[in-house]
Amino acid sequence: MGHVFVMDHPLIQHKVSMLRSKDTGSKEFRELVEEIAMLMCYEATRDLPLEEIEVETPVAKAKAKALAGKKLGIVPILRAGLGMVDGMLNLVPAAKVGHIGLYRDPETLEPVEYYCKLPYDAPERDIYVLDPMLATGGSASAAIQFIKDKGVQRIRFLCLIAAPEGIERLNKDHPDVDIYVAALDERLNDHGYIVPGLGDAGDRLFGTK
């Protein structure tokens, strides 16, 4: 079963509270999403492997640590996931970025992939899938499956706010995927919105309605 990590760092909690407020406009909302994603990236990369290297300081040679050639990939789910990309890249600028877009078929209600462009060497990378909201889990689960179908084996999912239903669905469909969330909320309402949540993340990021 995939692990669920709820990030309880005070800075993350503080910024999520500001994010939730209906009085937070698009500009500030975008900045907060980026900042929270960066703080989450710091936590979600805690177990990256290190190797010992030697560097020369102005004073002497020193044994030091460096990342052990681990390749990372960042794949936002369009469109709201885009808001989290720059925060991740601030900490891991060498990561490659892919994109995946889904829509729900009005007849079958099943998610359909309309865009998927991954780094050419994605199967060799640890892939971090980004989406601010994990509601029913349907889109996230489908996106992860599409990415697995491209040969990727090591996947982590990062979201800002999750409903218990979404966590349960992802754990059931993808028990090998660890989930990182900034806040775990109460439930979904009848319209599939997370309660208390923060409304529609895409609309709030991009100023659309």
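**Notebook: aromatic pairs and nonpolar cores**

I searched the whole structure, a predicted model, for aromatic pairs and found two.

Entry 1. I looked up Phe-5 and Tyr-180, whose ring centres lie 4.7 Å apart with the planes at 15 degrees, so I recorded the pair as stacked. Phe-5 sits in strand S1 (residues 4–6) and Tyr-180 in strand S11; the two are 175 residues apart, and the pair links distant parts of the chain. I noted Phe-5 as partly exposed, at 35% relative accessibility. Tyr-180, in contrast, is buried, with a relative accessible area of 5%.

Entry 2. I then turned to Tyr-103 and Tyr-114, a tilted pair with 6.4 Å centre to centre and 35 degrees between the planes. Strand S6 (residues 99–104) holds Tyr-103 and strand S7 (residues 111–117) holds Tyr-114, eleven residues apart. Tyr-103 is partly exposed at 42% relative accessibility, and Tyr-114 is likewise partly exposed, at 48%.

Entry 3. Which residues have the most contacts inside the largest nonpolar core? I found Met-40 and Leu-158, in a core of 37 residues. Elements supplying at least two residues each include helix H1 (10–20), strand S4 (72–76), strand S10 (154–162) and strand S11 (178–184). Helix H2 gives the most, with eight residues.

Entry 4. I listed the contacts of Leu-158 beyond four places in sequence: among them are Met-40, Ala-44, Met-84, Met-88, Tyr-128 and Tyr-180.

Conventions. Residues are numbered from 1 along each chain as its sequence is written. This is a predicted model: local features need pLDDT of at least 70, side-chain atom pairs count only at pLDDT 80 or more; totals for chains, interfaces and linings use all residues. Side-chain values use heavy atoms; hydrogens and water are left out. A nonpolar core is a set of buried Ala, Val, Leu, Ile, Met, Phe, Trp, Tyr and Cys residues joined through side-chain atoms within 4.5 Å. Buried means under 20% relative accessible area, exposed over 50%, partly exposed in between (1.4 Å probe, protein chains only). Helices (H or I, at least four residues) and strands (E, at least two) are DSSP runs, numbered from the N terminus. Contact means heavy atoms within 4.5 Å. Rings of Phe, Tyr and Trp (its six-membered ring) pair if their centres lie within 6.5 Å; planes under 30 degrees apart count as stacked, over 60 as edge-to-face and the rest as tilted.
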